[in-house]
Amino acid sequence: MVVCFCGKLALVKTSWIPLNTGRRFYACPTKDFVCGFIGWVDPPMCARSKTIIPGLLRNINTLEERCNGLVRSINMLQEHCNGLLSRNNMLEARCDTLKDEGFKLKMYLCASWFMFVIVIFSIWSM
């Protein structure tokens, strides 16, 4: 156990700066890290690790940003699709109403023609 300069047990943190990415260190446990950096938990990284790890982290961050963008796009498309489905349902209901009205109009037309024929035959038969 490592004790901080203020007398409290030090916290183990992970560095994310490019020079020491992923390297653990001891830090002050107070809210504002009053004592700051105390010392390293891990040994120094080799030069190759210092070069490669930040690039890998940038790649991960780029892929996560792309993924988040795709998720946002999918959500927008789902909302658009839901809107289209709602519009389709409304149009189908309107189509059914128009079909019913069309059927009624056909029945009225047939009835009026039938009445017209009866009237014509009754006039001829006189």
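Is Ser 49 buried, partly exposed or exposed? Ser 49 is partly exposed, because its relative accessible area is 24%, and buried would require under 20%. The structure is a predicted model.

Helix α1 runs over residues 47-124. Ser 49 belongs to this helix.

**The annotated segment**

An unreviewed UniProt entry carries the annotation "transmembrane region" for residues 107-124. In the model, that stretch is 100% helix and 0% strand.

One of its members, Trp 113, sits in helix α1. Trp 113 counts as exposed because its relative accessibility is 52%, and the cut-off for exposed is over 50%.

**The salt bridge**

How many salt bridges does the model contain? The count is one. Its partners are Asp 42 and Arg 24, whose side chains meet at 2.8 Å, N to O. This pair joins distant parts of the chain, 18 residues apart. Asp 42 is in the loop between β3 (37-40) and α1. Arg 24 is in strand β2, residues 24-27.

The two partners fall into separate accessibility classes. Asp 42 is buried, because its relative accessibility is 18%. Arg 24 is partly exposed, because its value is 37%.

**Cysteines**

The disulfide count is zero. A disulfide is a covalent bond between the sulfur atoms of two cysteines. Cys 67 is partly exposed at 43% relative accessibility. Cys 81 is partly exposed too, at 40%.

**Accessibility at a glance**

| Residue | Relative accessibility | Class |
|---|---|---|
| Asp 42 | 18% | buried |
| Ser 49 | 24% | partly exposed |
| Arg 24 | 37% | partly exposed |
| Cys 81 | 40% | partly exposed |
| Cys 67 | 43% | partly exposed |
| Trp 113 | 52% | exposed |

The class of each follows because buried means under 20%.

Conventions
Residues numbered from 1 in each chain as written. Predicted model: local features only at pLDDT ≥ 70, side-chain atom pairs only at ≥ 80, totals over all residues. Heavy atoms only, no water. Helix = DSSP H or I, 4+ residues; strand = E, 2+ residues; numbered from the N terminus. Buried < 20%, exposed > 50% of the residue type's maximum accessible area, 1.4 Å probe, protein only. Disulfide = S-S within 2.5 Å. UniProt positions renumbered as here; feature names shortened; annotations may be inferred. Salt bridge = Lys/Arg side-chain N within 4 Å of Asp/Glu carboxyl O.
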